[in-house]
Number of protein chains: 4
Amino acid sequence: MDIIVLGPGATDKKIQRIVRKLEDKGFTANISRGTERTVIGVIGDTSKITDEESSTFESMPGVEKVLRIIQPYKLASRSFKSEDTTIKINGHVIGGRKIQVIAGPCAVENLPTLLKTAKEVKKAGAAFIRGGAYKPRTSPYSFQGLGEEGLRYLAEVKKQTGMPVVTEIMDPRDMEAILQYADIIQIGARNMQNFRLLLEVGSYNKPVLLKRGLCSTIKELLMAAEYIMSKGNNKVILCERGIRTFETETRNTLDLSAVPVLKELSHLPVVVDPSHGVGKRQLVAPMAKAAVAAGADGLIIEVHAHPEKALSDGEQSLKPEKFKTLMKELRAVAKAVGREI
Amino acid sequence: MDIIVLGPGATDKKIQRIVRKLEDKGFTANISRGTERTVIGVIGDTSKITDEESSTFESMPGVEKVLRIIQPYKLASRSFKSEDTTIKINGHVIGGRKIQVIAGPCAVENLPTLLKTAKEVKKAGAAFIRGGAYKPRTSPYSFQGLGEEGLRYLAEVKKQTGMPVVTEIMDPRDMEAILQYADIIQIGARNMQNFRLLLEVGSYNKPVLLKRGLCSTIKELLMAAEYIMSKGNNKVILCERGIRTFETETRNTLDLSAVPVLKELSHLPVVVDPSHGVGKRQLVAPMAKAAVAAGADGLIIEVHAHPEKALSDGEQSLKPEKFKTLMKELRAVAKAVGREI
Amino acid sequence: MDIIVLGPGATDKKIQRIVRKLEDKGFTANISRGTERTVIGVIGDTSKITDEESSTFESMPGVEKVLRIIQPYKLASRSFKSEDTTIKINGHVIGGRKIQVIAGPCAVENLPTLLKTAKEVKKAGAAFIRGGAYKPRTSPYSFQGLGEEGLRYLAEVKKQTGMPVVTEIMDPRDMEAILQYADIIQIGARNMQNFRLLLEVGSYNKPVLLKRGLCSTIKELLMAAEYIMSKGNNKVILCERGIRTFETETRNTLDLSAVPVLKELSHLPVVVDPSHGVGKRQLVAPMAKAAVAAGADGLIIEVHAHPEKALSDGEQSLKPEKFKTLMKELRAVAKAVGREI
Amino acid sequence: MDIIVLGPGATDKKIQRIVRKLEDKGFTANISRGTERTVIGVIGDTSKITDEESSTFESMPGVEKVLRIIQPYKLASRSFKSEDTTIKINGHVIGGRKIQVIAGPCAVENLPTLLKTAKEVKKAGAAFIRGGAYKPRTSPYSFQGLGEEGLRYLAEVKKQTGMPVVTEIMDPRDMEAILQYADIIQIGARNMQNFRLLLEVGSYNKPVLLKRGLCSTIKELLMAAEYIMSKGNNKVILCERGIRTFETETRNTLDLSAVPVLKELSHLPVVVDPSHGVGKRQLVAPMAKAAVAAGADGLIIEVHAHPEKALSDGEQSLKPEKFKTLMKELRAVAKAVGREI
């Protein structure tokens, strides 16, 4: 059901032109004339009307606006699939009763530090290791990641610890290498609307961790998931990681209300990245606990064995001992809301 | 310590003019000349320099910018007073180990509904009754509150239930009436920078619940608290209630990271209003739990015995039975983070 | 015409409850049943439905959302009054073919500087003198304005130059003094939703310059104008002065598209304040020219004879000679768009 | 020059650790001890310090924050190259006294319509034809562009009209095809931080039109230009096209103050896209005029021979006759600010 609103000067002729156009497309029109405005309800399966078709109505004479009632995403929506999607990776289930924790450094820097960090976070209860081999950096002069070498370090860590690997893709041309080493492919916030990259990761049967863009609405996040799913890959994990607002005390504003909203609109699992969400080490723990209380299915937390030497995001990385304490606190909160970690 | 940055063309003469001006005001200047920029560190108690004095330096020839390092608020800051402020009201302590819950309808509409709601929320564990007698409404044609009649209903409810009253002030001319009936005076989000009103409530020894403005930074919230405290009233309770962002799925974006940030920067108690923060009934419970997990000292929740008849904000009000369930869940989360409700 | 949207589970019973409630209020319901959603068009003069009545429908079982088609403001709307409103003040017309320029210091500081500035801006072509006697300042320790003394200086300047006076009100209790001295009463951005103050200035027949709030939508600005007009005062001048965004290079983001939008939605004159909009002296001239090209009816520009000594906003004030040059440039742009200055 | 700020508890030992680390890197430290804070000025060419090195200082004990004074972009900055960059394409100069207009449909749909539109806009005075062959669309179900076929249509139009072609790249794998047909390669707003794509277009000697991201700061736009320039391609044209804010009356908020800010910070030409900036046909003309008044070097305007049939953005496209009128008006404004079109 879509709704077409016509302004005060809507003549019969203008209305009839719209009705005819709707009928040509197989819809029925329901006309309500108000004192100032006329409203045409479009009856039929309007989910098949694309945005551009809808916008052609907006350009017709007399039309004030077109309101879309149907959600523009389908495969990602709760109304399409009512039960929660669960994604099983090396025996770990994302989207179930158990809250999964993904931990590790922002960027892969060298094997010993990565391995040390991995062993520590595993001992503390994290199931997945994260680390960027390809790094999106604001400056071309900043460390851009180790590339394939970084992927090989991640593979070595997986071999030694058994932890599945989460790592980011930035370029469709790296797909082959990433597929070989990653267990979950991350799409970073800056690439959430890199539609070609979405279609690329949608073409494989590999789980995708899709981060919300810095200024993307919840609806746009679901549309990005729809891009991936439209190619056949249903293993999409949504990730809230903070949006850009006017506030400057935190790096971003972590929008925790996105968690219950996404759980209502979609069947996909939702994880939260408090590290990027706030950007300050001392705020990670309270926001991680809040994320669990809000209903998150998982957390992705930056941990670095030597944050003061980190090549990126050192100021928001936890030391392993802090992470261990946090995991204990998270267990209590998870239990309080009927979950476990 | 303030810092004055001069651009590439900073001549000795320009630098000396600034140094002399600083020395006239009793400060010492520390000059560091870089390859492109020159930086003057201002040594002395620069907290006494007001913003406008600081800005006079910004207009001097050669100056690129003035960076203020000192926080512009003093009485509200954690560095001024390191231990948490606790506020005792009719035997209930705000800011202590116990998390306090303020509940009730958005607006006071009639005595029976208010009384019914109050009794129910009290039974469920709320300590304070809230309700607006003076209502800030976007439209002049909307219900503007019952005024003093509403205050009298609140007084009657307090008499019958013993619950202290939280109600909003909109106009300094209502101060006398409000003082007579309220136990906590609320400053609404839209009045957070109504500086005259802040000075007015600062002149009495009555606790003030100060809501963060829709587009106010955390720093501005603390500056508003400073306004109240500068007149001698230290009983200020800070309230996060959602900020305005581009997201439209929720009424506002509840910025829960403001809770740990405020606890770090200030000694004042911090409460969260999840009802206004999200604006949708079904999101109130998860965000209330998240607020407690994030470290809030209290919650302010809209409860209405008949939300479908509410004259304002019905769509975000909980029914008493839902509130009762929520309180049980909140108790578990509070315990998990070492608090109680 | 309002629209009520019901979700997939809308039973006949739920629909009938809504229809009956509408009919009780004198409306007719037009029901369109789609495959997933049902839409009820409300026929009748729904402009009489207040927001809270509308929201009571939102809380009824089955209802997903209520869409309001009618603009919530009436007196301020172009559909209520199609011809442009012009406001005549001491022989100067605001809202006509001629673009009016209001100039002067941010705050009134002393008589000689104010007088000097006034004479210079008058010579350059400004018609109105501006200056704050009551100043809204972020910090309680900043200069708060000279109060009534400042008003008297403005009166003296008016006497000597003949320039009508624009000055800000912050507190309804200052109304009497302001009425005596001001030709246009300014409502500052931070008070745009100080509804009591709006009602107060609405009660007199004195022109009001209403500044858009830092995070107020265009619709909210028009609702604030509606507050003033609802009390009988139709002499409202709307002012765009920059909104708060994530961008930090400028003090605010001057939303010049608000000018043609406001001219389309409302009959009220629209002026632009580029000084506060950008907050940096060197950006004032290009944005002032852009405002005129976008269709503004006036400009309000900060000019200070000695910006480096200004007690507030020195960094965004023009010196008189720069203002003179700007006025010349503005005349050319005004002519190019069929106006004059 | 960078500045390191230490908090109240900065011991001599902590300060010495930082000083030693600075000296190890070849810098000199200038220490200013205030009453509460200690400030270390870093003397030497700190533009060589990358962000991640800078952030390692932020993680050192005692450090409160690190302030960077040096702009993080170099090649794009006005201080690196003081005179305006001009880019010559098929005899048309972008960045000079003459304001260049790029016009055409949002997407290439078919050859006859494109050709008709091109001929009309050329006659009206546009120098460049625009049209998307690869279209970034929010929905996977929307029209995604004609791909290479679209590029061939553009080539045909160029052949017949002589107009150079502006078209968007979305994927590095399309580079070869785009290089063959485009005279200016457009990077869309959603790809402004697709760093791999930036490096790709930086590797060729083809002009790049770089659109500002929806939530990108001016600084980030310049950093994106720096990515392109760091690979050797200096032919970058910056484009303001509206940012995302809370305002919903316009599609985006066109930030015209970005024009003078960019002209001050950078030597690169700046063009404005009012069509995407506002998203409503009737607002394009006033904002185009305002852009010219603000100092833009060019405009990019959507024109479609049949907007009501457009497959995308029909509601913001001008009809050729409206465009012709606008060009006439623009000529007058350009002349008023000492430019020509």
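## Ring pairs and chain copies

In this predicted model, B:Phe195 and B:Tyr227 are both buried.

**Exercise 1.** Find how many aromatic pairs there are over all chains, and work out how the rings of B:Phe195 and B:Tyr227 are arranged.

*Solution.* Step one is the count: with ring centres required to lie within 6.5 Å, four aromatic pairs are found over all chains. Step two takes the pair of B:Phe195 and B:Tyr227, whose centres are 4.6 Å apart with 25° between the planes, and which is stacked, since planes under 30 degrees apart count as such. Step three places the residues: B:Phe195 belongs to helix 6 (residues 195–202) of chain B and B:Tyr227 to helix 7 (residues 218–230) of chain B, so the pair ties together parts that are 32 residues apart in sequence. Step four turns to chain C, where the ring centres of C:Phe195 and C:Tyr227 lie 4.6 Å apart and the planes stand at 25°, so this pair is stacked. Both C:Phe195 and C:Tyr227 are buried.

**Exercise 2.** Determine where the charged end of B:Lys21 sits, and do likewise for D:Lys21.

*Solution.* In chain B, the charged end of B:Lys21 sits over the ring of B:Phe57, 4.6 Å from the ring centre. In chain D, the charged end of D:Lys21 sits over the ring of D:Phe57, 4.6 Å from the ring centre.

Definitions and conventions: Residues numbered from 1 in each chain as written. Chains lettered and ligands numbered in written order. Predicted model: local features only at pLDDT ≥ 70, side-chain atom pairs only at ≥ 80, totals over all residues. Heavy atoms only, no water. Phe/Tyr/Trp six-rings, centres within 6.5 Å; stacked < 30°, edge-to-face > 60°. Helix = DSSP H or I, 4+ residues; strand = E, 2+ residues; numbered from the N terminus. Buried < 20%, exposed > 50% of the residue type's maximum accessible area, 1.4 Å probe, protein only. Lys NZ or Arg CZ within 6 Å of the ring centre and 35° of its normal.
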